[in-house]
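Here are a few friendly notes to read alongside the model. Have the sequence and the 3D view open as you go.

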Amino acid sequence: MELAQDQLGTQVKAQVKNFSFFYGSNKAIKDVDLEVLDCKVTSMIGPSGCGKTTLLRCFNRMHDLYPGTRYEGEILLESQNLLSLDPIEVRMRIGMVFQKPNPFPKSIFENIAYGLRIRGVKDKGVINERVERALRDAAIWDEVKDRLKDMAFNLSGGQQQRLCIARALATDPEILLFDEPTSALDPIATASIEELVIGLKGKVTILIVTHNMQQAVRISDYTAFMYLGELVEFDRTDVIFNNAAQQRTREYVSGQFG
Amino acid sequence: MTITQAQPSRGSASKFSIVELSSRLFLGGLAIIPTLIVLALVGVMVYECYLFFQEVSFGAFFTATEWTPQFEENRNFGIQVLVVSTLIVGGIALLVAVPLGIVIGIYLAEYAPSWLRLVAKPVIESLTGIPTIVLGYFAFLTITPVIADVLLPLVRGVLSTVNQEFADSLSVASSNGLCAGLVIGLASVPVVSSLVEEGISNVPRRLREGSAALGMTKFETLIHILLPAAMPAVIGAIILVASRIFGETMIATVAGGAETVLRFNPLESMSTMAAYILNASLATPELDSIEFRSIFAVGAVLFLTTLVLNTVGNITEAVYRHQATASQVVKVRVSDNLDITVPDIGSLIVAGQQDGFRRASGVRRSFDWVFQGLAVIALATVAAFLLWMLGDALLKGYQQINWSFLTALPSSAREAGEAGIAAPIMGSLWLMGVALVFAVPTGVGAAVFLEEYLPKFRYAWSRKVSAVIEILISNLTAVPSIIYGLLGVELFVRLLSDITRGRTILSGGATLAVVILPLLIVATRSALRDVPDSLRRAGYAVGMRPWQVIFFVVVPTAFPSIISGIILSVSTALGETAALVAIGAKAFVSFLPDNVFQEFMALPVQIYFWATSSDPATQRSGAAAIVVLAGILLVFNAVALLLRSRQSKLSVL
């Protein structure tokens with residue numbers, strides 16, 4: 001779906017072109033076209049089972065971990081079709097934060113440093129510095145700076161989720177994917193995560209799946225509405241929520257179904 | 001009016017009913033039995049050792065370098081002779097079982113395509129269902145000749161270029177520690193692999209996804225995330241398999257030999273502790289002779305070894321768990337994981353150097369391929385071993401199998417080729433019957449109490465008692481069956497001889513019941529644990545009492561799994577050889593048993609006698625008996641598998 005003229009000047013970071021995805025013979029994503037703009041927050045909304053998480057997980061080739069899945073069409077990352085790249089390479093460039101916090105059973109420090117080490121960073125000074133920067137960017141530095149060697153499990157749910165964000169940020173991803181990052185958190189932790197996402201605007205391209213429409217309004221610049229595996233409408237967030245072109249979008253955002 | 005009528009029936013729902021109370025007492029009584037077995041084991045060992053050490057000094061026992069209990073003069077009881085042999089054979093077995101098992105377990109959990117897992121898992125795990133006497137037969141009659149005739153010349157050829165003298169000095173005894181160790185190790189692979197696979201599979205999927213999302217290869221995820229998280233399972237597997245290996249009796253006896261000489265060369269005959277117990281029991285020494293007591297002294301050492309290993313295993317696991325969750329005392333150093341296989345891609349640091357990334361992930365990916373290659377080789381080795389063994393027995397034995405082989409008495413013909421296995425088959429069936437009568441009610445009842453009552457009592461002690469009993473039972477499952485054989489000799493053959501009349505079917509069956517009881521309890525408990533709690537709550541919600549919930553809801557739901565556990569225990573009992581040799585199964589009985597107070601033969605024991613005979617025709621009869629035994633076990637296992645798969649379908653509904 002082509003966007004109107006108002007984002008002239010902002011670059012397209014990723015472009016989904018005539019893209020479909022299959023679980024076995026079941027076509028879960030149907031011929032989607034979508035543009036993700038650089039350093040903006042794009043949210044994907046829609047009722048359960050509409051394929052928004054499935055589409056999100058296509059961006060970092062998560063489906064390649066499981067047998068019986070198939071992609072069709074293109075997802076261009078800048079000019080490369082990421083579906084024809086090595087999935088490991090794709091995941092090195094595109095980070096992800098999951099629905100439930102999933103810190104590794106390691107110390108707080110190691111959780112962040114892990115991704116750096118695997119990318120070949122050996123210099124301790126560099127690692128320390130980038131771990132600190134990532135923790136600061138994820139707004140959790142002050143809470144954990146004195147106990148970096150504690151196990152990550154000992155953090156609260158909201159802290160764990162911010163740690164996972166820091167883990168993803170540490171490797172300088174080109175795009176950061178969020179899969180309902182606050183659905184397992186309480187309202188206060190949710191607010192801190194949302195604040196964090198807003199703070200990341202302008203630094204990294206963010207694609208976020210959310211079940212919570214208010215959240216999409218609060219944090220995203222653009223919103224895509226999906227229904228039954230199709231992309232119904234994609235536009236600026238205020239347009240989607242106030243002045244959507246499609247009947248189904250208007251019904252969904254006004255709470256009439258879903 | 002209606003209200004007052006309803007009142008009494010509500011009021012009668014007081015805290016206890018007669019049925020409830022008697023159900024608790026009865027099941028609780030059954031649940032004491034495993035503890036009694038532990039006490040009996042310890043008691044028997046302490047008693048016999050006390051008498052043994054009246055005659056042999058402690059110092060001599062630990063320092064003497066000879067083991068010659070059979071000599072009239074100059075008897076020596078130097079336990080280190082047996083300990084060294086056990087460590088050599090066990091060490092070889094561990095070197096085989098642990099690496100193969102870990103690699104196969106990881107491969108099946110993480111890499112194997114689902115069709116391969118579907119085929120490979122039952123194939124590998126069927127190794128655990130094969131009676132060890134069958135493996136011993138195969139090791140002794142097939143593998144040792146291969147080592148002696150094929151491998152030895154090869155090794156000699158290679159070594160002669162270096163040291164001619166040393167190469168010439170190499171020779172392989174017909175029974176040797178190497179072969180016993182290799183086969184024990186191969187047979188133990190599934191123990192390690194299934195525990196490792198379970199441990200790895202239990203690591204939550206979100207950790208795998210989290211690691212993958214950072215751009216990790218499977219192998220990196222495995223090394224840095226999955227293995228550390230599954231470490232308790234891996235350590236537990238290694239310790240469990242070690243205690244199994246040290247207690248393994250039949251393979252060690254048949255393939256490892258009986259020479260009790262202090263030696264370090266695994267190419268020579270060496271008797272492990274378990275093998276000594278078996279060989280000495282075969283000679284049926286007089287009760288209360290020093291030879292008889294020496295059996296118990298060795299048994300006590302073996303028993304202690306397994307106890308210590310098992311306890312260390314439990315503690316290691318607990319400590320590791322504690323560390324993984326402890327809030328303060330975490331000693332993870334920042335640089336801890338640096339030394340673990342991080343390929344050198346130092347020049348690439350951040351995103352944007354795309355060509356570099358592609359190259360790097362190629363290098364890093366190669367670890368995945370190397371690992372998969374190794375795993376497939378490991379898997380193929382174990383599968384080839386299994387197929388070779390079954391094919392070998394089938395080829396050697398199938399001509400022998402006909403109606404008269406199955407129905408003739410062994411002693412009715414002196415010609416080895418015409419011997420039949422009617423008496424051993426009937427003997428085994430009688431033994432099974434007796435063992436089931438004792439073990440099933442006890443095992444199932446105890447499991448119900450331990451799972452459904454004890455942990456749910458509101459007493460402060462009940463959880464602690466429950467934990468203690470858990471440890472006791474896990475120790476009981478690790479005790480080598482030959483030790484249970486010794487217990488049976490002391491308890492059923494000797495102490496209760498007025499009831500059992502000595503070395504009879506009743507004694508043998510009761511001993512087998514003791515062998516399978518811990519297995520039954522473990523299987524039944526896990527079956528009960530699989531019953532969802534929502535069913536129990538539903539029962540309570542309609543006003544059932546605990547005993548009603550247990551007997552009308554929980555046990556019926558778990559029934560197929562319980563039955564499948566019973567069948568698997570029976571097949572263990574059917575293949576059990578060592579304990580029956582200790583009790584005194586006969587090599588010849590000229591009649592079919594018709595009551596439990598008679599002497600008996602048993603199918604696996606018969607295989608043992610035939611396999612160790614020097615006459616090739618008799619050895620072929622052994623192969624034929626193996627085919628028959630394997631056929632029976634195959635049917636049992638298939639039925640158990642079928643029941644379990646039906647159960648899992650039910651639970652999906």
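1. Helices (H or I, at least four residues) and strands (E, at least two) are DSSP runs, numbered from the N terminus. Helix α10 (residues 218-229) of chain B contains P228(B). This is a predicted model, where local features need pLDDT of at least 70, side-chain atom pairs count only at pLDDT 80 or more, and totals for chains, interfaces and linings use all residues. Residues are numbered from 1 along each chain as its sequence is written, while chains are lettered from A and ligands numbered from 1 in the order in which they are written.

2. Why is P228(B) counted as buried? P228(B) is buried because it has 20 C-beta neighbours inside 10 Å (buried: 20 or more other C-beta atoms within 10 Å of its own; exposed: 12 or fewer; partly exposed: in between; C-beta atoms are placed from the backbone). Between P228(B) and I200(B), 28 residues apart in sequence, the C-alpha to C-alpha distance is 9.6 Å.

3. Now look at another helix of chain B. The buried residues of α2(B) include L27(B), L41(B) and F52(B). P34(B) is also one of the buried residues, and α2(B) bends there by about 30° (the angle between axes fitted to the seven residues ending there and the seven starting there).

4. In chain A, an open sheet has 4 strands in the order β2-β1-β4-β5, with antiparallel pairing (two strands pair if DSSP finds at least two bridges between them). β2 (26-37) and β5 (80-81) of chain A are at the edges with a single partner strand each, so one side of each has no neighbour in the sheet.
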